[in-house]
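Trainee: Hi, could you walk me through this one? I'm new to it.

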Amino acid sequence: MHNLTIAELVTGLQSKEFSSVELTQHFLARIAKLDANYNALITVTADQALKAAAAADERLAAGNAPALCGVPILHKDIFCTNGVRTSCGSKMLDNFIPPYNATVVENFEQAGAVVLGKTNMDEFAMGSSNETSFYGPVKNPWASDSVPGGSSGGSAAAVAARLAPGATATDTGGSIRQPAALCGITGLKPTYGRVSRWGMIAFASSLDQGGPMARTAEDCALLLNCMASYDDKDSTCIDREVPDYSATLGDSVKGLKIGVPREYFSEGLDPDTEKAVRAALAEYAAQGAELVEISLPNTGLSVPAYYVIAPAEASTNLTRFDGVRYGYRCEDPKDLNDLYTRTRAEGFGDEVKHRILIGTYCLSAGYYDAYYGKAQQVRQLIQQDFEKAFEQVDVIMGPTTPSPAFKFGSKGDDPVAMYLEDIYTVATNLAGLPGMSVPCGMVDNKPVGLQIIGNYFDEARMLNIAHQYQQATKWHSLAPEGIA
Amino acid sequence: MSIERQEIEKLATLSRIAIGEDTITEVSERLSSVLELVDQLQAVNTEGVEAMSHPMKATQRLREDEVSEINQREAFQAVAPDTEDGLFLVPKVIE
C-alpha cells in the first residue's frame with residue numbers, strides 16, 4: 001500500500017479496496033519500524049490518527065467523503081496543531097502545545113486527511129541540511145551518511161521512505177525544493193500569498209510560503225487543491241480563486257516556451273547534475289517544447305540579498321520567544337533581563353542565534369539603509385529579471401541544487417558554503433514566484449532535481465508540465481534501497 | 001568586513017541573547033564571514049530603484065473594527081511557564 005500514490009489511495013479508499021484504518025495502521029507500522037533509520041518524525045500521533053481514520057471510514061461508507069478522506073499525511077512541525085506539540089525543531093518550543101490549528105492544518109482536516117505525525121526540520125526552518133534541528137539530523141533515505149536537505153528534510157525523507165504518501169512543508173529560500181531534490185521526490189513552493197501563513201511559525205514573513213511534497217506532480221496537485229485558500233487571518237494572503245490543479249494535468253506541452261537561464265548552468269554546477277538536467281530539457285524538447293536561452297543577470301546577488309532580508313525579518317519575528325507566555329523558560333531567572341537573555345541563549349541553537357544577531361545588525365541604527373534598504377532594492381532588480389524573462393517564455397527550468405546530497409558535517413564550519421546551496425532557489429522567494437522540484441536523474445545513486453519556475457499563480461501549468469514529464473520518465477518512481 | 005567585540009556585545013544586548021565570553025570570538029568570525037557575503041550588495045548601483053516590500057505590491061487590507069476573536073485566556077495560559085490569577089508571571093520588576 002505504501003507504494004501507491006495519493007491518487008491511487010483515494011481511488012482505493014473510495015472503492016473500498018482497503019479502509020482508512022487499515023491504511024493508517026500500515027503507515028504507522030512502517031513509521032514504528034523504519035523511522036529509527038531516518039529520524040524524519042518528531043512526533044507520531046498514532047491515537048489521533050486511528051480515530052480520524054475510523055471517522056473517515058464512516059464518511060466513506062456514507063458516501064459523502066471529501067477529497068482526501070482517509071488519506072494519511074504528515075505535517076511539518078512548523079504548522080500549529082491543536083493539542084499536538086509543535087516544536088519548529090527547537091528546544092524553545094519543545095514543550096509547546098498550540099491551542100489552535102494553522103489554516104493549512106484546518107484545510108486538511110476539512111478534506112478528511114489523517115495526520116500521522118509531525119516531521120523533523122531545521123530549527124525554525126533555518127538550514128539546508130536538517131543539521132540544525134534540536135531533535136538531531138534527518139538521514140537521507142538514499143544515503144545514510146548524507147543530508148536530506150532542509151529545512152523540510154523530515155517531510156522529504158518521510159515521503160521518499162514511504163512513511164507517508166504526502167506531507168506539508170514550507171519554503172523561505174528553497175526549503176521545499178532543495179530537500180525534494182535531494183530526496184528524489186516532487187515538491188512545490190506556491191506563489192507568495194497562495195497558501196495561508198496563519199499558524200505557520202514565522203521565519204521571514206515576506207518570503208515564507210507553505211506547499212506540498214509528494215512523490216508525483218499529480219499528488220502535489222491533489223494536496224495543493226486542499227492547501228491553497230484565501231484566508232482573512234493572513235494579511236498577505238491573496239484573494240484569488242483556487243483552480244482545480246488536477247484538471248489540467250493532461251494538457252500537452254507542445255509549443256511550451258522553456259527559458260533556460262545561462263546563470264543556472266555556470267561555475268559551481270556539478271557536471272553530472274548538469275547532464276541530468278539537460279537530459280530532462282531534451283525530453284521536453286522531444287515532447288514539442290521550445291528551449292530558449294535566457295539571462296537572469298542578478299542571480300548572483302540573490303544569496304547576499306536573501307541573507308540580509310531573511311535574518312532581518314527573523315530577528316524581528318523571533319523576539320516573541322521571550323520565556324513569558326509559552327515555550328522554554330530558563331531556570332531561576334534573577335531579573336527580567338536575565339529571564340529574556342538566558343531563555344533565548346539556552347532555547348535557541350547556534351544557527352538561529354547567529355541569524356538573529358546578523359538580522360539585528362542589518363536593522364540597527366546607522367545600518368538599516370545600507371543593508372535592509374539596499375537588499376530590498378536588489379530584490380526589485382531580481383524581480384525585474386524574472387519579469388523580463390516571462391515576456392519571452394512560459395516557464396523557466398534549471399537545476400534545483402548545484403549538486404546531489406552532501407555528507408553530514410561537510411559544510412559545517414563555513415556558513416557561506418551552506419548558504420550557497422540555495423543559489424538556484426532563493427531568487428524565486430525574493431520575487432514571490434512559484435517554484436517546484438521534480439526528480440530528473442541519479443548521480444552516484446543520489447537523486448537530482450529539475451527546478452521549474454513559473455509566473456505568478458501559474459501553479460496549475462507547472463504541475464501540468466511536471467506531470468507530462470513524469471508520464472514519460474521513471475525517476476519519480478524510484479525507491480531507495482530496502483524501501484519497496 | 002570584520003566585526004568588533006564591542007559590536008557583538010551591543011548586538012547581544014539588542015537581541016536579548018546572552019553570549020558567553022568563550023564564544024565571542026567564534027560568533028564574531030561567523031558573523032564576519034556572513035557580512036562579507038552580504039557586502040557584495042554594496043557594489044550594486046541601485047540608484048532610483050524602489051525598495052520592494054511585496055512581490056505583488058499588495059497593500060494591507062482593512063477590516064471593520066469589530067470583535068472577531070473570543071477570549072481564550074485559559075487556553076492560552078495553559079501553555080505559559082508561570083501564571084497566577086490569570087496573569088503571566090515574570091521576576092519582580094519593581095521593588
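Trainee: How many bridges join strand β9 of chain A to β11(A), and how do the two strands run?

Mentor: Four bridges join β9(A), residues 395–399, to β11(A), and the two run antiparallel. Strands here are DSSP runs of E with at least two residues, helices are runs of H or I with at least four, and both are numbered from the N terminus. Two strands pair if DSSP finds at least two bridges between them. Before we go on, this is a predicted model, where local features need pLDDT of at least 70, side-chain atom pairs count only at pLDDT 80 or more, and totals for chains, interfaces and linings use all residues. Residues are numbered from 1 along each chain as its sequence is written, while chains are lettered from A and ligands numbered from 1 in the order in which they are written.

Trainee: Thanks! Which residue of β11(A) is the bridge partner of A:Pro399?

Mentor: That is A:Leu450. Strand β10(A), residues 435–443, also pairs with β11(A), in the antiparallel sense over eight bridges. There, A:Val443 has A:Lys446 as its bridge partner. Two residues sit between the strands of this hairpin, and A:Asp444 takes a positive phi near 50°.

Trainee: Why is β11(A) described as largely enclosed by the rest of the structure?

Mentor: Because eight of its eight residues, 446–453, are buried. A residue is buried if 20 or more other C-beta atoms, placed from the backbone, lie within 10 Å of its own, exposed if 12 or fewer, and partly exposed in between.

Trainee: Switching to helices, at what angle do the axes of α7(A) and α15(A) cross?

Mentor: Roughly 155°, with the axes of α7(A), residues 217–227, and α15(A), residues 459–472, coming within 8 Å. Axes are lines fitted to C-alpha atoms, for helices over the stretch in contact, and angles run from 0 to 180 degrees between N-to-C directions. The two helices are therefore roughly antiparallel, a label for angles over 145 degrees; under 35 is roughly parallel, 65 to 115 roughly perpendicular and the rest oblique.

Trainee: And how many residues of chain B are in contact with chain A?

Mentor: 38 residues of chain B are in contact with 56 residues of chain A, where contact puts C-beta atoms, placed from the backbone, within 7 Å. Helix α2(B), residues 24–38, gives the most to that side of chain B, with seven residues.

Trainee: What ipTM and pTM does the predictor give the complex?

Mentor: The ipTM is 0.95 and the pTM 0.97.

Note on methods
Two residues are in contact if their C-beta atoms, placed from the backbone, lie within 7 Å.
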